[in-house]
Every structure is written in C-alpha cells, then in structure tokens.
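Hi everyone, thanks for making time this morning. Let me put the structure up, and then we can walk through a few side chains together.

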Amino acid sequence: MSSDIPPTARAVVHVSYHQLLIKAADEETYTEPPMGDSARLVVARKDAATIWADVHTGPVQVSVQIWDHPPERQSSGWDKVAEIELVTSTGLMRVMGFMDFPPDELPVLTPRGPGSYGVRVHTRRPNSARATGGTPSAMEEFLIVTWPVSADEGFSSAETQHGEASLSDQIRAWSSANTDPFGDRGRL
C-alpha cells in the first residue's frame, strides 16, 4: 500500500433531518436512501447510502478522498469512524444533502464506474477537542474516503453490527452477477 494521500476535495453541504446522502446524481436514477439512525454513522444498500449527522438541519463541512486501494485506517482526531461496502449500478455516486443537489466541488465517489466500493466515513462534532491540536470548528465535519473493491478480494468492514456482514455478502454476490465491464448488465 502506498502512503501517498490523494487530493482532498472540500465543500459545505446542507444537512436536513440529520441526513447526508451518497447516491446517483443523474436525474434518470432514483433510489430511496436507506434510513439512518443515531446508533450507526452510515448505512447502505444498492445505489445509496445515508450518513447520520448530529446536526438536524444546517451546514456541515465535507471532505472527500478517492483512493485506488484501501487506505490505512486513521481514527485519531475523529469522534466516529465507520466503513461500509457500497455497490453502484450507475457508477455516478455523489455526496449531497437530503433533498438537495450535489455540490460541484465534490467529485464522483465511484470513478471506476459500476461495481463495489469501500466507503469509510469519519465525523467530528463542532468544537470537539482534537488530538491533532487543530483549531475547533463551528461546523460538524465529515471525511469520506472511497476505494474500489473487486469481487474476488471481498470487503472486510470495521463495523459489522446489525447484520452488515451478511448484507455485504449479498451485495457482493449481486455485483458479481450483474456487473459486466463489456456491456450494460447491472445498469438501470
């Protein structure tokens, strides 16, 4: 694994009903986002993920890093860190606020197109003490890191509560059966 950190894109995103979404940004695709809850930082199903924010309604700072391999887990300085596997049939997954458009400053999280991706979400509450010695923020902060996951390498989540491991196996099986790099199978 390389320690070269890819560029980080940043934007302020408006959160409503505690929800920050990862979903396809095209107008032709609509997938109901999974319901989040305060017990889990992030939940996913095919073509959508919901990240739970502490703030009910308002701006949050979102940073995004796109890796080509699983990066080392860094939890120092963050209040919560969670990982999920996200399967996309469109390859157009973007971060956006609930009932909002994706900010132009943030890239597509799934640059290799349809398939499986690891997603690691970090969150830091406003004005939380930072082990890194940084200045406290007035906004809740998120760092979203993604990387492609091949069907044969599998995905190992650091957070496996509520049956996530079995869901990942089901999603991986669907992805293997429905993703064809030479055709449109798996596309909506």
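Before we start, a word on classes: Ala, Val, Leu, Ile, Met, Phe, Trp, Tyr, Cys and Pro count as nonpolar, Asp, Glu, Lys and Arg as charged, and the others, Gly among them, as polar. Please also keep in mind that this is a predicted model.

Around it you'll find L41, W52, D54, D79, K80, T123, R125 and E140. Sorted by class, that lining gives two nonpolar residues, one polar and five charged.

Next, the aromatics. The structure has one aromatic pair, made by Y17 and F98 in an edge-to-face arrangement, with 5.9 Å from centre to centre and 85 degrees between the planes. This pair connects distant parts of the chain, 81 residues apart. Y17 belongs to the loop between strand 1 (8-15) and strand 2 (19-24), while F98 belongs to the loop between strand 7 (93-97) and strand 8 (115-124).

There's another ring to look at, that of W78: the charged end of R124 sits over it, 3.9 Å from the ring's centre.

Last stop: E83, which you can find in strand 6, residues 80-88. Is E83 buried or exposed? Its relative accessibility is 5%, and buried means under 20%, so E83 counts as buried. What does its side chain meet there? The side chains of E83 and R120 are joined by a polar contact of 2.5 Å.

That's my tour, so over to you for questions.

Key
Residues numbered from 1 in each chain as written. Predicted model: local features only at pLDDT ≥ 70, side-chain atom pairs only at ≥ 80, totals over all residues. Heavy atoms only, no water. Phe/Tyr/Trp six-rings, centres within 6.5 Å; stacked < 30°, edge-to-face > 60°. Helix = DSSP H or I, 4+ residues; strand = E, 2+ residues; numbered from the N terminus. Lys NZ or Arg CZ within 6 Å of the ring centre and 35° of its normal. Buried < 20%, exposed > 50% of the residue type's maximum accessible area, 1.4 Å probe, protein only. Polar contact = N/O pair within 3.5 Å; in protein donor to acceptor, adjacent residues only side chain to side chain. 1 Å grid on protein atoms, 1.4 Å probe; cavity = no way out; pocket = protein on both sides within 12 Å on 5 of 7 lines; lining within 4 Å.
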